[in-house]
Amino acid sequence: MAFGQKPSFTHDAIWTEIDTFFAPPSKYKDVYGDFRSPLVFYDGKEVKNKGQWRKRRKEIRSQWMSMMGEWPDLMKKQKMKVIDSEELENFVQHRVEFYWTPTEKTQGYLLIPKGGGVKPAVITVYYEAETSIGLGVNPHRDFAYQLAKRGFVTLSLGTKETTEAKTYSIYYPDIENAKVQPLSMLAYAAANAYYVLANRPEVDKDRIGIVGHSYGGKWSMFASCLFDKFACAAWSDPGIVFQDDRESINYWEPWYLGYHPKPWRKRGLITAENPAYGLYPQLRKENYNLQELHALMAPRPFLVSGGSEDPVQQWIPLNHSLAVNRLLGYDDRVAMTNRPDHSPNAESNEVIFKFFQYFIGD
């Protein structure tokens, strides 16, 4: 079911299990903090209608792309190569390969539920592709496997080689002279993955979502915000806004938004002895933060599966997305769950799965 369609009885039943996550607690209702409103142009003019929002949305995305570096052309027509296949439970698992940048191939896993018909799909992203198909050492991160069992085509991707090299990302054209911030290049790679998945005959191109945890949460957030063909998205505890006192909300690192030529800074919090370089300090100095990117999702639905890095007070920046959706005439497009730990658990994941079932499931 596309998210604009009227829910069936089954979807109504799912909604009753997740509806409470789509509104902030009263303590945080209409609290906007010090975050700059996405509904104000950079020149100070207010956005008052849908037409002005379209212009403001374009302004936000153009500004961020200019700051982070423009993407190469997207590769819209390629098809993935199937390397090998294996039947598992109620789906078939294929190991696949395709270009996710103009110069770099990647391998991942395509899981296709048995049975005919066109199906919804979800791309999963993480440090490596194996965890999401159920082969990782950490529990409750097997999003591709769990969603495939529930009838979704899934494509599990990761940056295994750079994770093993502790450079963690994608550098274009190369790591010595990257022209695009690496986190934005991860989003670009996910956009190319969207097209290669959308070109599969089993996949409904209008019902493709994306999900990731932690590093993958940052990746899925930037991908879904910067590329509007993702129908919906779930971000598991990425740290949804900049926060310089949390070591895991480390957008300043050179593999995210603080790229600088090697030798790289020592990993860890920003200090006088170990400063941040590149774009990140400029973003902070000029009062940019990620509530602007969140707003690019509207009116597409997204879920923050919050843990230690995204506690309940993150509703303050999320209220800005609620305001944009209200202007556009939409409710129930922004959700958040909260758990004490960074790691996902069975309960938080069940909301993620029901979120996708409700908004893009059959």
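## Strands 1 and 2

Val82 has Val96, in strand 2, as its bridge partner, and in this predicted model strand 1 and strand 2 (residues 91-101) run antiparallel and are joined by seven bridges; strands here are DSSP runs of E with at least two residues, helices are runs of H or I with at least four, and both are numbered from the N terminus. Because the model is predicted, local features need pLDDT of at least 70 and side-chain atom pairs count only at pLDDT 80 or more, while totals for chains, interfaces and linings use all residues. Residues are numbered from 1 along each chain as its sequence is written, and side-chain values use heavy atoms, with hydrogens and water left out.

## Helix 9

Of its 14 residues, 12 are buried, so helix 9 is largely enclosed by the rest of the structure; buried means under 20% relative accessible area, exposed over 50% and partly exposed in between, with a 1.4 Å probe and protein chains only. Among the elements covering these buried residues are helix 2 (50-68) and helix 8 (291-295). Just after helix 9, Gly329 takes a positive phi of about 90°.

## Thr159

Thr159, in the loop between strand 5 (153-158) and helix 4 (160-164), is buried, with a relative accessible area of 4%.

Note on methods. Contact = heavy atoms within 4.5 Å. Pairing = 2+ DSSP bridges.
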